[in-house]
Amino acid sequence: MSTGQTTQQITRIKKLQKKIKSEVGKAISDYNMIEEGDRIMCCLSGGKDSYVMLDILLDLQQRAPIKFEIVAVNLDQKQPGFPEHILPAYLDNLGVAYHILEKDTYSIVKDKIPEGQKTCSLCSRLRRGTLYGFAQKIGATKIALGHHRDDIIETLFLNMFFAGKQKAMPPKLLSDDGANIVIRPLAYSREKEIAEYAELKSFPIIPCNLCGSQENLKRASVKDMLNQWDIEHPGRIESIFTAMQNTSPSQGVDREQFDFRSLTRDPNAPLKGEVAESVLPAFDFVDVSNNGHIDLDAASSIKRVKDEHKIAVVNTYTP
């Protein structure tokens with residue numbers, strides 16, 4: 001925390017830290033992200049999100065009722081001009097155990113992807129493979145990534161708009177090979193608050209020059225859409241995320257998630273409705289033997305004829 005900060009800034013930092021810490025704690029609890037004895041490999045990119053994630057996890061580590069270890073790991077992808085000294089200096093000052101992995105994925109991406117094309121997909125695949133392998137090398141039981149709630153929602157819309165899939169980023173994920181568990185402790189936190197907290201804390205942010213130079217990326221377009229919604233319709237982003245936590249497969253159209261083909265009705269099931277039984281039409285008083293109009297309101301007022309033990313019939317009009 002900078003010594004030149006005002007009292008107002010310090011107060012704001014404490015408020016944001018408390019809020020984000022509460023959200024991270026809830027996410028960890030809801031998804032059982034961290035357990036006793038875990039060794040968490042905290043992936044540090046040099047961006048605002050991973051700095052905040054590490055900051056909050058270190059704070060929680062001191063207060064949590066369970067013991068877990070944190071190891072910070074950065075992948076130096078050999079991007080031109082990457083300031084290699086910043087992260088080691090920052091982590092040394094914190095006294096956090098860390099590893100800096102050096103692998104020239106930048107040259108691979110530039111060689112494989114034509115100029116002007118989207119590089120994010122290949123870059124993230126190469127980065128993910130390297131980090132997953134290293135996690136096993138150091139005996140990490142969980143891999144922590146800095147994706148936040150906005151990332152999760154953006155990914156949902158990206159997949160809906162451009163891939164035809166209703167798919168996002170889960171807060172907790174088992175890798176396809178079953179060897180690693182990925183956690184996203186910031187899953188409940190908003191990007192705008194993470195960004196404000198990172199700025200107030202003066203984290204030494206390192207920009208990604210590889211993808212940062214590409215304009216009009218699909219994610220940027222979706223982000224703009226969501227930001228506009230956030231301005232025009234406060235609470236909509238929160239509602240979208242809540243909806244993602246309350247899915248109903250039987251109310252959707254995905255045949256893999258729900259067996260629609262095997263649905264059958266129960267002919268003996270009693271009549272039930274979403275309104276009180278007393279206001280339902282008295283169908284047992286209705287004559288349906290002929291074509292015509294049936295007055296259900298009149299049917300509801302007719303009583304059984306006790307002396308003849310018969311059911312009264314409503315007159316119907318037959319054209």
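Analyst: Keep in mind that this is a predicted model. Let us begin with the sheet.

User: How do strands hold together in a sheet, and in what order do the strands come here?

Analyst: Strands of a sheet pair through backbone hydrogen bonds, in parallel or antiparallel fashion. Here six strands make an open sheet with mixed pairing. Read across it, the order is β3-β2-β1-β4-β6-β5.

User: Which strands stand at the edges?

Analyst: The edge strands are β3 (98-102) and β5 (172-174). Each has a single partner strand, so one side of each has no neighbour in the sheet. On average, neighbouring strands are turned by 25° against each other, direction ignored.

User: In which sense do β4 and β6 pair?

Analyst: Strand β4 (residues 142-144) and strand β6 (residues 181-183) pair in the parallel sense, over two bridges. To find one on screen, go to Ala-144: its bridge partner in β6 is Ile-183.

User: Which helix lies across β2 and β3?

Analyst: That is helix α3 (residues 86-94). It runs at about 170° to β3.

User: Now helices against helices. What describes the packing of α9 and α10?

Analyst: Two packed helices are described by an angle between their axes and a distance between those axes. For α9 (residues 218-232) and α10 (residues 236-244), the angle is about 115° and the axes are 8 Å apart. From α9, the contact uses Leu-226, Trp-229 and Asp-230. From α10, it uses Arg-236, Ile-237 and Ile-240. By type, the contact residues divide into four nonpolar, two charged and no polar.

User: Which residues of α7 are buried?

Analyst: An α-helix has 3.6 residues a turn, so residues three or four places apart point the same way. In α7 (residues 191-201), the buried residues are Glu-191, Glu-193, Ile-194, Tyr-197, Ala-198, Leu-200 and Lys-201. They pack against α1 (7-31), α2 (48-63), α6 (149-162) and α9. After α7 comes Ser-202, with a positive phi near 55°.

User: How many residues has the largest nonpolar core?

Analyst: It has 48 residues. Among those with the most contacts inside it are Ile-20, Val-24, Ile-34 and Tyr-197. Helix α2 gives the most to this core, with eight residues. A second, separate core has 15 residues, including Cys-43, Val-71, Val-73 and Phe-134.

User: What does Ile-34 touch?

Analyst: Set aside residues up to four places away in sequence. Ile-34 then touches Ile-28, Ile-40, Leu-57, Ile-66, Phe-68, Lys-142 and Ile-183. Ile-183 was also the bridge partner of Ala-144.

User: Is His-148 buried or exposed?

Analyst: Its relative accessible area is 0%, so His-148 is buried. The residue is found in the loop between β4 and α6. A polar atom of its side chain lies 3.3 Å from the backbone nitrogen of Asp-150. Not counting residues up to four places away in sequence, His-148 touches Asp-49, Leu-186, Ala-187, Ser-189, Glu-191 and Ile-194. Glu-191 and Ile-194 are among the buried residues of α7.

User: Last one. Where does Arg-127 lie, and what is it in contact with?

Analyst: Arg-127 lies in helix α5 (residues 120-137). At 31% relative accessibility, Arg-127 counts as partly exposed. Leaving aside neighbours within four places in sequence, Arg-127 is in contact with Leu-75 and Gln-77. Arg-127 and Leu-75 are 52 residues apart in sequence, but 7.4 Å apart in space, C-alpha to C-alpha.

Conventions. Residues numbered from 1 in each chain as written. Predicted model: local features only at pLDDT ≥ 70, side-chain atom pairs only at ≥ 80, totals over all residues. Heavy atoms only, no water. Axes fitted to C-alpha atoms, helices over the stretch in contact; angles between N-to-C directions. Helix = DSSP H or I, 4+ residues; strand = E, 2+ residues; numbered from the N terminus. Contact = heavy atoms within 4.5 Å. Nonpolar A, V, L, I, M, F, W, Y, C, P; charged D, E, K, R; others polar. Buried < 20%, exposed > 50% of the residue type's maximum accessible area, 1.4 Å probe, protein only. Pairing = 2+ DSSP bridges. Core = buried A, V, L, I, M, F, W, Y, C linked by side-chain atoms within 4.5 Å. Polar contact = N/O pair within 3.5 Å; in protein donor to acceptor, adjacent residues only side chain to side chain.
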